[in-house]
Amino acid sequence: MKRRVVLVDDHDLFLAGVRAELGDAVEVVGQAGSVADAVPLIKELDPDVVLLDVHLPDGSGDAIINAVAPDRPGVRFLALSVSDAAEDVIAVIRAGARGYVTKTISGPELAAAIERVATGDAVFSPRLAGFVLDAFRAGKQVGGDAELDELTPREREVLQLIARGYMYKEIAARLHLSVKTVESHVSNVLRKLQLSTRHELARWATEHRLV
Amino acid sequence: MPLPTFAPTSDERVIAGVCAGIAQTLAVDVTLVRLVFALLALAGGAGIVLYLALWAYSRRRRAWLAGLLALLAGSLLLSALGLSDRAVIGIALIAGGLALAWRRGGSFRPDAPLSYGGLALAALGAVALLSGGGAPSALLAPGAVAGALLLIAGPWVWRLAVERDAERTARIRSEERSDMATRVHDSVLQTLALIQRHAQEPRRVASLARRQERELRGWLYGDQPLGDESASLVAALQAAAGDVEELHGVRIELASAGDCPVDASMGALVLAAREAMTNAAKFAGVEEIDVYAEVTDEAVSVFVRDRGSGFDRAAVPADRRGLAESIEGRLERAGGRATIVTSPGAGTEVELHLPRRAS
């Protein structure tokens, strides 16, 4: 069955482009151009996946996630953006988005990412992997919840390979793991990113305006 | 009667641009005008009030206010010269009355309609002047003059200051806007023009758009100004990637963790990375290249990867060995190392590793 998708972006031209690129791969059931329009629409349509721009005219993507998630826990969010100041991206991920891809992604890749998010996996673009590695820089951490506040060496390795442009199955082959294991490493990183109270994460987000 | 006009100039202004405006109209040095006003200001503050009068006058809508202020300036001047209060009031009344008459009638020609109020005022002034005798009376204490002046001019000076602040903010904003316009013109509009010209070449259009996007993003979200490529490693890599994209019509996805300033050996690393990107663009036969830069306290690593044709290092043609040399050799000279992992059909990954000098 095709995944039911809602698009949220204020650029009509871009929306039309995404629709055309996705073609028949998914079923686009609705679209909205603002936070105010998107929230009731998503609640009403209850789609599998919401493709979400990080910046909207009346707020940011995390506002939509925060408003929808309590009522519709089954809806997954995938951030899709060109405007990627690191702290904005991290904010959307911490609000609950299952991944982040850049708008230059190709149609088939985007369809694959939607499928992955719909099944509960995480989607990390190379750029997001770089942001996350930077945010979880080794050392310096004293006290706190070590399990949530540090990446394991293996997770770090997986993220580095994502940042270098490797796909999951390439990473699996290189590290002699199954693709499922790679996916679970990435999901763990996402969970840590969302749950960690590591104060460096917040500080990092405000200090670094890396692109 | 046509009045001489002048406009306050914002170019050379110190307060409201009145002196500068007058200097421009009369074609004299602005310092001279300022000196005159300063001297007049010493004469019981007449210069300051005159300045305000001219400022109000230059703003058209406040002609009546300008007149009142000019009257006040004249009175101050006269009393500073030593005329008695009565005489000053008398002269002021005459001047005010004549001004009123002129305003009502529009001229002093005999057939013009008369302003009886104005004439009455002037007559009253004349009586006051004549009965006062015009003899110098005791000079007012400078403190009293200053106090009165402060009461009169204080609110105005304060308002001037406020308006000046607002105007300065507006000026800064408009300068920022024009700076923005220049940048947009230099980069975005030029790119759009190029895109229109190359509409038939999708690859070139895509690379132009990518490069522009990268540049704008660097400017909007980055720490360094647009076009400043020497500020940081990531900025330098971005610039290199942009150049390669434009030259070879490929897409380069740049990710990074951390950043650092660029010194000489870091510069060599950037050049080697650029060479690796160029190689991938020319020989791999793919449209997308991934570049990842990782900066830690100890070292910098840059990975340049493609999923292209790859090659057998033992069977590289001489010209390509030269290129590999310019990557590996360059890194060695800078104190690092380059590792090239490739095999036919399996793509290529170049890893550049450079320890950071303790500094």
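In the predicted model, strand E2 of chain B is mostly covered, with 7 of its 8 residues buried. Strand E2(B) runs parallel to E1(B), and 7 bridges join the two. Within this pairing, Leu254(B) has Val291(B) of E2(B) as its bridge partner.

The rings belong to Tyr292(B) and Phe303(B); their centres are 6.2 Å apart and their planes stand at 15 degrees, so the pair is stacked. Tyr292(B) and Phe303(B) are both buried.

Taken as a whole, chain B contains 11 helices and 5 strands. The chain has 359 residues, of which 40% count as buried. Among contacts in chain B with a separation of 6 or more, 64% are between residues 24 or more positions apart.

Several residues in the helices of chain B illustrate their surroundings. Gln212(B) is found in helix H8 of chain B, which spans residues 202-221. Its relative accessible area is 9%, so Gln212(B) is buried. Apart from neighbours within four places in sequence, Gln212(B) is in contact with Ser187(B), Val188(B) and Thr191(B). His248(B) belongs to helix H9 (residues 233-248) of chain B. With a relative accessibility of 24%, His248(B) counts as partly exposed. When residues up to four places away in sequence are not counted, His248(B) touches Arg203(B), Thr278(B), Ala281(B) and Lys282(B). The C-alpha atoms of His248(B) and Ala280(B) are separated by 9.9 Å, the two residues being 32 apart along the chain. In helix H7 of chain B (residues 142-197), Arg159(B) and Glu163(B) lie 4 residues apart, about one turn of the helix. Their side chains meet in a salt bridge, at 3.7 Å from N to O. Arg159(B) counts as partly exposed, at 37% relative accessibility.

In chain A, 6 strands form an open sheet with parallel pairing, in the order E2-E1-E3-E6-E7-E8. The edge strands of this sheet are E2 (27-32) and E8 (123-124) of chain A, each of which pairs on one side only. Strand E1(A), residues 4-8, is joined to E2(A) by 5 bridges, and the two run parallel. Val5(A) stands opposite Val28(A), a residue of E2(A).

Helix H8 of chain A covers residues 153-163, and its buried residues are Glu155(A), Arg156(A), Val158(A), Leu159(A), Leu161(A), Ile162(A) and Ala163(A). The cover over these buried residues includes elements of both chains: E8, helix H6 (126-135), helix H9 (168-175) and helix H10 (179-195) of chain A, together with strand E1 (251-257) and E2 of chain B. Gly165(A), which follows H8(A), has a positive phi near 100 degrees.

Contacts between the chains involve 24 residues of chain B and 25 residues of chain A. Together the two chains bury about 2,300 Å², with 46% of that area on carbon and sulfur atoms. Arg305(B) lies over the face of Tyr166(A), at 3.6 Å from the ring centre.

The side chains of Glu253(B) and Arg127(A) meet at 3.9 Å, N to O, and the count between chain B and chain A is 5 salt bridges. Glu253(B) is buried, with a relative accessible area of 6%, and Arg127(A) is buried as well, at 4% relative accessibility. Within chain A, a salt bridge is formed by the side chains of Glu155(A) and Lys192(A), at 2.8 Å from N to O. Glu155(A) is in helix H8 and Lys192(A) in helix H10 of chain A, so the pair ties together parts that are 37 residues apart in sequence. Both partners are buried, Glu155(A) at 4% relative accessibility and Lys192(A) with a relative accessible area of 3%. Arg116(A), Lys180(A) and Glu183(A) are linked in a network of salt bridges.

Key:
Residues numbered from 1 in each chain as written. Chains lettered and ligands numbered in written order. Predicted model: local features only at pLDDT ≥ 70, side-chain atom pairs only at ≥ 80, totals over all residues. Heavy atoms only, no water. Pairing = 2+ DSSP bridges. Phe/Tyr/Trp six-rings, centres within 6.5 Å; stacked < 30°, edge-to-face > 60°. Buried < 20%, exposed > 50% of the residue type's maximum accessible area, 1.4 Å probe, protein only. Lys NZ or Arg CZ within 6 Å of the ring centre and 35° of its normal. Contact = heavy atoms within 4.5 Å. Buried area = accessible area lost by both parts, 1.4 Å probe. Salt bridge = Lys/Arg side-chain N within 4 Å of Asp/Glu carboxyl O.
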